[in-house]
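Subject: Structure for you to look through

Hello,

Here is the structure I said I would pass on. Please open it first and then read the notes under it.

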Amino acid sequence: MSEATAVLAGTKLVESVEYFAVAHTADIPPGWVLKVQVGNREVALANCDGTFSALDNFCTHAGGPLGNSRLSDGCQLECSWHGAHFDARSGAVVSGPARKPLRKYTVKVLDGTVYVALVSKGPLDD
Ligand code: FES
């Protein structure tokens with residue numbers, strides 16, 4: 001756990017955000033997705049070309065699991081139940097039958113450890 005400090009427009013703001021250490025970077029090679037537990041949530045932690053992202057582990061179509069898999073077609077999460085594809089960087093739907101994006105969470109990498117905070121980000125926040 002750690003506390004984040006944000007500096008916006010010259011004003012120092014202190015956020016109280018709880019980060020959970022969930023994995024070592026070496027545990028998730030590029031192209032892989034690991035299911036991790038963050039507090040009371042299951043999260044799919046993806047490594048897309050060296051950039052880590054954390055998304056809900058359950059497909060928005062009918063709840064199929066997304067973690068413990070490989071990325072396909074570049075950086076896409078594929079649901080094994082009915083084949084929906086999501087962009088692993090944003091959570092946006094690439095192809096159905098899912099229609100709603102995956103919830104995305106805040107990720108930090110520090111000294112080889114991946115931390116996730118249960119702070120939601122929308123698909124267009126990055
Ligand atoms: S549950 Fe994922 S595509 Fe249907």
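Strand S4 (residues 32–38) pairs with strand S7 (residues 69–70) in the antiparallel sense, over two bridges. Two terms are needed here: strands are DSSP runs of E with at least two residues, helices are runs of H or I with at least four residues, and both are numbered from the N terminus. Two strands pair if DSSP finds at least two bridges between them. Within this pairing, Val33 has Ser69 in S7 as its bridge partner.

Before going on, note that the model is predicted, that local features need pLDDT of at least 70, and that side-chain atom pairs count only at pLDDT 80 or more, while totals for chains, interfaces and linings use all residues. Residue numbers start from 1 along each chain as its sequence is written.

S4 is also joined to strand S5 (residues 41–48), by six bridges, and these two strands run antiparallel. Lys35 stands opposite Ala44 in S5, and Val36 stands opposite Val43 in S5. S4 and S5 form a hairpin with two residues between the strands, where Gly39 takes a positive phi near 60°.

S5 runs antiparallel to S6 as well, again with six bridges. Here Val43 has Asp56 in S6 as its bridge partner. The hairpin of S5 and S6 has two residues between its strands, and Asp49 in the turn has a positive phi of about 55°.

**The chain as a whole**

The protein chain has twelve strands and zero helices. Of its 126 residues, 31% count as buried. A residue is buried if 20 or more other C-beta atoms lie within 10 Å of its own, exposed if 12 or fewer, and partly exposed in between, with C-beta atoms placed from the backbone.

Among the contacts with a separation of 6 or more, 38% are between residues 24 or more positions apart. Contact here means that the C-beta atoms of two residues, placed from the backbone, lie within 7 Å.

**The nonpolar core**

Which residues have the most contacts inside the largest nonpolar core? They are Val43, Ala44, Leu45 and Val116, in a core of 30 residues. Two or more residues each come from strand S3 (19–24), S4, S5, strand S6 (51–56), strand S11 (104–110) and strand S12 (113–121). A nonpolar core is a set of buried Ala, Val, Leu, Ile, Met, Phe, Trp, Tyr and Cys residues joined through C-beta atoms within 7 Å. In soluble globular proteins, nonpolar side chains tend to be buried together.

Leaving out residues up to four places away in sequence, Val43 touches Val36, Val38, Ala54, Leu55, Asp56, Asn57, Tyr105 and Val116.

**A three-stranded sheet**

An open sheet of three strands has the order S8-S9-S10, with antiparallel pairing. Strand S8 (76–78) and strand S10 (93–95) are at the edges with a single partner strand each, so one side of each has no neighbour in the sheet. Direction ignored, neighbouring strands of this sheet are turned by 35° against each other on average. The axes behind this angle are lines fitted to C-alpha atoms (for helices over the stretch in contact), and angles run from 0 to 180 degrees between N-to-C directions.

Strand S9 (residues 85–87) pairs with S10 over two bridges. His85 stands opposite Ser95 in S10.

**Loops**

Most residues other than glycine have a negative phi, and most peptide bonds are trans. Asp73, in the loop between S7 and S8, has a positive phi of about 45°. Asp73 is exposed, with 9 other C-beta atoms within 10 Å. Asp111, in the loop between S11 and S12, has a positive phi near 50° and is exposed, with 6 C-beta neighbours inside 10 Å.

The loop between S10 and S11 holds Pro97, and the peptide bond from Gly96 to Pro97 is cis, with omega near 20°.

**Confidence**

The mean pLDDT of the protein chain is 87, and 83% of its residues reach 70 or more. pLDDT is the predictor's confidence in each residue, from 0 to 100. Over residues 1–9 pLDDT stays under 50, and the model has 14 contacts beyond four places in sequence for them. Where pLDDT is low, the predicted coordinates should not be read in detail.

Regards
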